Amino acid sequence: MNARGGHFNQLAVLIGAACLVVVIAVVSGVLTVDNRTAGAEVLQAQRVTTDVARLMILLQRAETSQRGYFLTANEDYLDLYNDSIGKIYPTLEAVTEATKDNRTQRQEILNLRAVIAAKLAEMRKTIDLFDSGARDDAMAIVRSNEGKVLMDQIRTSIAAIWTEANRQSQARVDSWRLNGNWLFAVQIGAAVLMLLVSALAVASGLRHTRGLQVTQRTLEEANERLEERVRARTADLEEANEEIQKFAYIISHDLRSPLVNIMGFAAELATIRAETAAHLGVTAEAQPEMTRPPTEIDQDFGEALGFIKQSTAKMDRLIGAVLKLARSGQRQFHHEMLDMTAIVGDIAATLKHQAAEGGTEIIIEDLPPLICDRLAVEQIFGNLLDNAVKYLDDTRLGRIEIRGRALQRAVLFEVEDNGRGIEARDIGRIFDLFRRGGKQDKPGEGIGLAHLRVLIRRLGGKISCRSEFGRGSVFSVLLPQGELAPGDSSGPEKSGRGA
């Protein structure tokens with residue numbers, strides 16, 4: 001009960017701490033976002049004050065240029081006047097955009113736009129009168145209070161906008177400071193919470209460490225017992241594998257003995273047949289008591305002997321295949337760095353004459369190097385290329401392509417041909433011993449692909465086939481990168497390649 005109560009209290013504290021962390025994170029996020037907003041609004045208020053001040057300067061400079069032109073008739077003053085007039089409205093638009101979210105400033109901007117339009121119209125009118133020769137009329141307007149009243153109204157509107165911008169900026173600065181105080185308090189609370197949680201974690205960790213040490217000792221003892229069982233099981237499997245290989249050898253040896261006898265008797269029968277034929281030396285008309293002519297008996301005798309010889313030869317080949325598979329399971333592999341492009345090229349060179357007879361083109365791409373047993377690799381690709389050449393379609397020019405690509409700790413090779421192809425029903429059994437697919441018009445006993453599968457499995461790889469009947473096949477061989485023997489750092493050999 002005490003242990004359960006302690007675990008419950010720890011869980012409650014951790015849940016509470018997690019909830020506080022969530023609250024702290026939310027509050028910190030809200031305050032941070034509000035500070036960013038405040039900063040943006042302060043910058044916007046500063047832009048408003050800067051723009052309205054610039055606007056006032058431009059209006060005053062335009063008015064000063066206007067009066068300087070009237071007093072001196074120097075057109076250089078008009079250049080300054082026109083430059084100022086050209087900048088007034090863009091500046092006014094910038095102020096309008098910056099104050100669109102403030103109702104007070106937005107209303108004041110409407111008034112300011114109307115007064116500025118009137119002031120600019122007044123200045124434009126006096127300059128036009130002055131240029132047309134009515135200088136007295138232009139100066140009369142200047143001496144009147146119309147321009148002064150408009151400038152006073154402009155100053156009043158700009159002052160109101162300036163005041164509102166400063167008020168808004170100060171409010172956001174105050175909010176900024178308050179948020180900073182809250183953030184500091186939240187950080188202090190988070191630090192205290194982390195200290196409490198850390199203390200609880202340390203106490204819990206110390207308590208669990210003792211339990212883990214006991215568990216570790218128990219696991220070590222269990223692992224030792226497991227390793228002993230694995231060693232014993234491995235020894236049993238090795239013994240069973242050795243017995244299977246011995247069994248295959250005994251079967252093949254015991255079968256081969258009677259086959260030798262059968263082959264000997266068949267040879268002896270052939271000798272007897274020859275002697276009998278020599279002693280008879282008569283025709284069917286001279287021996288009316290015989291049920292069949294001697295020539296017919298001789299023919300049947302020969303056929304029987306032929307069947308005996310064919311069967312014994314076939315059984316001898318099959319037994320040889322069983323022995324080959326058994327022996328391949330005993331051979332030790334020697335891994336070395338192989339130049340696969342050169343090795344496959346050498347294999348293709350041995351088939352050059354056979355391929356040339358059918359106009360076959362063998363294409364070998366640059367293949368990735370492989371760390372593997374050389375003899376095994378030569379057997380694999382020798383068999384695949386031999387099959388590819390053997391089962392090409394006689395109705396079209398042959399094409400065989402060998403390619404490969406490096407994977408993580410493995411290499412995938414593909415041997416593709418445009419030959420006869422394999423029917424879907426036969427693809428699943430072409431790797432079985434003594435099984436062949438398609439038309440049986442080529443010599444063979446269905447041993448090669450079965451042997452390849454056993455060999456590739458021993459190397460830790462896989463072989464598969466995809467095919468379309470009447471169009472060709474692709475054999476894929478996945479071979480893992482082996483480990484070089486200690487001290488063997490040789491790279492891929494640089495032998496030539498053939499095609």
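Let me start with helix α7, which lies across β2, β4 (399–407) and β5 (410–417) and runs at about 170 degrees to β2, where contact means heavy atoms within 4.5 Å, and where axes are lines fitted to C-alpha atoms, for helices over the stretch in contact, with angles running from 0 to 180 degrees between N-to-C directions. Please keep in mind that this is a predicted model, in which local features need pLDDT of at least 70 and side-chain atom pairs count only at pLDDT 80 or more, while totals for chains, interfaces and linings use all residues. Residues are numbered from 1 along each chain as its sequence is written, and side-chain values use heavy atoms, with hydrogens and water left out. The helices (H or I, at least four residues) and strands (E, at least two) are DSSP runs, numbered from the N terminus.

On the α7 side the contact is made by M340, I343, V344, I347 and A348, and on the α9 side by R374, V377, E378, F381, G382 and L385.

Now to the sheet, which is open, has five strands in the order β2-β4-β5-β7-β6, and shows mixed pairing; two strands pair if DSSP finds at least two bridges between them. Its edge strands, each pairing on one side only, are β2 (361–364) and β6 (462–468), and neighbouring strands are turned by 15 degrees against each other on average, direction ignored.

Going through the pairs, β2 and β4 are parallel over four bridges, and here E361 stands opposite R399 in β4. By contrast, β4 and β5 pair in the antiparallel sense over eight bridges, with L412 in β5 as the bridge partner of R405. These two strands form a hairpin with two residues between them, and R409 in the turn has a positive phi of about 60 degrees. At the other end of the order, β6 and β7 (residues 472–480) pair in the antiparallel sense over seven bridges, and S473 in β7 is the bridge partner of S467.
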